[in-house]
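Please read this report beside the sequence and the coordinates. It takes up the ligand sites, the backbone, a pocket and a few strands in turn.

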Amino acid sequence: MRVLLVHPSPLMYSELYLRLEPLGLERVAAAIQAAGHEVRLLDLQIFKHADYWHEVETFAPQAVGFSVNYLANVPEVIDLAKETKARRGSPFVFVGGHSASFIAAEFLDHAGGAIDCIVRGEGEVIAPLVLEAIGDPKLETLPGVVTRHGAGPSPTLLNDLDLHPPARHLGRRRHKYFIGVLDPCASVEFTRGCPWDCSFCSAWTFYGRSYRKGSAEAAGEDLARIREPNVFIVDDVAFIQAEHGFAIAREIERRRIRKQYYLETRCDVLIKNQELFKYWKRLGLFYMFLGIEALDDDALRLHRKRVTLNENLRALEIARALGLTVAINIIADPSWDEVRFAQVRDWALTVPEVVHFTVATPYPGTELWLTESRQLTSRDYRLFDVQHAVLPTKLPLKRFYEELVRTQAVLNRKHLGWGAVRRYGGAALRAASRGQTNYLRMLWKFSTVYNPERQYADHEQPVRYEMRPPRPLAGTKPSKQELYVHMPAPVH
Ligand code: B12
Ligand code: SF4
């Protein structure tokens, strides 16, 4: 069967700092290919809708699968699905991915028949079975599959992460993938899931709080296959278990692989596994993202981050001492006023790190979605991208965006424009001499992407698809069925 797999367009964030390969979709593609299908992959972070329609016309897929990891992409995918069904020989349309898994029923309702099924949870095992079941009522009995007529049992977890390494060869224009000065940049996955349970995050609810590791050999093999000199490690929390990190490091040394790496981890993991991170620094670790989230213990408790402010500050010192480029994130609450923004801005100016700001957003799949008592001011999927305020702001909304962008602009002043040229000019020029200009081109783009007028105006757009509001919980804890995609393993 001819199968076209599609990743939707970029969101605000990716317009500036990075653009990365759709690793999940590439793994699903590998599994579908292994089942004997002819697969093409199109990434709309790079290509245009016109390219999609060209592909639909020329390849004439019998099935089209969309990846929806981000809520803000829901309207785009519904519209593409509707037009695809209307235009061409009515291919089978299926949708998978992180966010789609949490909102399967409403997604299908919005699409009004244009989407044949939603595939909840991990896609590698189930996607080939879905294709096999097209036209058969057994479709809605498959684990994780939801159609308008029924739903199968909860999805099952892949028991071996080494299976189905990403089909990177299906990607086109790979030189477009980059993160900051790591240009070009590929992605890899060493582990999946997260054992913590932060209230604003849906990584743990998706994977049922499980945590799985691929083998060090498979990691080495995958890295050896990658042509790009830079690698983004997509793990939610990198190197939770030091032995696993050391085993991969030894494998990299044995194979004499030399690359530069980006990873994301927690402050307590960095403190606990300092020797490991030092080792990785020698191997090429260049850029690290630490989820700081808040600058006071009360807010950290509220996010259920399970670290203290002191631990966070200690981790920053360790990362600095390692000589890494460090990015951190702070969650701006809609209740912030001018004074709070000014305090945070002052702090951001004094630290050497790249400080990102996201807006506290309860989205389906997070515990916050079920427990947040403030009324949502919008249920437009497009605004659920952690760059817009969907809860009532204490400041008038426009003022809130002005303060937010002013605070985000600290990053622009310190790490983009001429600041970046001073720091990374040499590396950027070397990349440019090899034809890689993704990084150079982003350096002066800040104010076209982050713009309070633009962010405010997004709220005025007509809303075509509205999110289904959360069911009021009336003080009770959410049930497992409400919270999880993959069910947690029973405790014995
Ligand atoms: C790596 C990553 C990124 C990368 C994106 C890489 C890319 N191009 O996809 C970067 C750093 C760019 C990124 C950015 C953002 N991210 Co992000 N990201 C992740 C992260 C940590 C891992 C994703 C990943 O690669 N996993 C590994 C692969 C193998 O898994 P997967 O993609 O989920 O795919 C599997 C299944 O979902 C399924 N599947 C996927 N697609 C399909 C399609 C079909 C047809 C089928 C059948 C199955 C299927 O099968 C796959 C294999 O099992 C997740 C957290 C998480 N654990 O999922 C957050 C996450 C997805 N990101 C999130 C957010 C909020 C963002 C940002 C909006 C943040 C911001 N500051 O602005 C931006 C927006 C990016 C954009 N699209 O423009 C949220 C999503 C929130 C939401 N519900 O919308 C998550 C869940 C993190 C969180 N803390 O809650 N992100
Ligand atoms: S924010 Fe990080 S540590 Fe917390 S649950 Fe999500 S992935 Fe895990």
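## Basis of the model

This is a predicted model, in which local features need pLDDT of at least 70 and side-chain atom pairs count only at pLDDT 80 or more, whereas totals for chains, interfaces and linings use all residues. Residues are numbered from 1 along each chain as its sequence is written, chains are lettered from A and ligands numbered from 1 in the order in which they are written, and side-chain values use heavy atoms, with hydrogens and water left out.

## Ligand sites

The cobalt atom of ligand 1 has Y70 as its only protein donor, through the OH atom at 2.8 Å; donors are N, O and S atoms within 2.8 Å of the metal (3.2 Å for Na, K and Ca), and water is not among the atoms, so sites may look incomplete. Y70 itself is found in the loop between strand 4 (63–67) and helix 3 (74–87), where helices (H or I, at least four residues) and strands (E, at least two) are DSSP runs numbered from the N terminus.

Around ligand 2 stand C194, W196, C198, F200, C201, A203, W204, D236, V237 and R266, a residue being near a molecule if one of its heavy atoms lies within 4 Å of it. This shell has eight nonpolar, no polar and two charged residues, where Ala, Val, Leu, Ile, Met, Phe, Trp, Tyr, Cys and Pro count as nonpolar, Asp, Glu, Lys and Arg as charged, and the others, Gly among them, as polar.

## Backbone features

The peptide bond from D183 to P184 is cis, with omega near 5°, and P184 lies in the loop between strand 8 (178–179) and strand 9 (186–188).

Phi is positive at E293, near 70°, although the residue is not glycine. E293 belongs to strand 14 (residues 285–293) and is buried, with a relative accessible area of 7%; buried means under 20% relative accessible area, exposed over 50%, and partly exposed in between (1.4 Å probe, protein chains only). V386, also a residue other than glycine, has a positive phi near 55°; V386 lies in the loop between helix 15 (367–371) and helix 16 (397–415) and is partly exposed at 23%.

## The largest pocket

About 530 Å³ of space lies in the largest pocket, a volume being the space filled by probe spheres set on grid points that are joined across faces, edges and corners. The lining counts 23 residues, of which F102, I103, R120, Q481 and E482 lie nearest the centre. Helix 4 (98–102), helix 5 (104–111), helix 15 and helix 21 (480–483) are the elements that give two or more residues to this lining, which divides into 13 nonpolar, five polar and five charged residues.

On a 1 Å grid over the protein atoms alone, a pocket is an open set of points where a 1.4 Å probe fits, with protein on both sides within 12 Å along at least five of seven lines, and lining residues have an atom within 4 Å of a point.

Strand 1 pairs with strand 3 (residues 38–43) in the parallel sense over six bridges, with V6 and L42 as bridge partners; two strands pair if DSSP finds at least two bridges between them. Four bridges join strand 1 to strand 4, again in parallel, and here V3 stands opposite A63.

I252 lies in helix 9 (residues 242–254) and is buried, with a relative accessible area of 0%. I252 and L283 are 31 residues apart in sequence and 8.1 Å apart in space, C-alpha to C-alpha.
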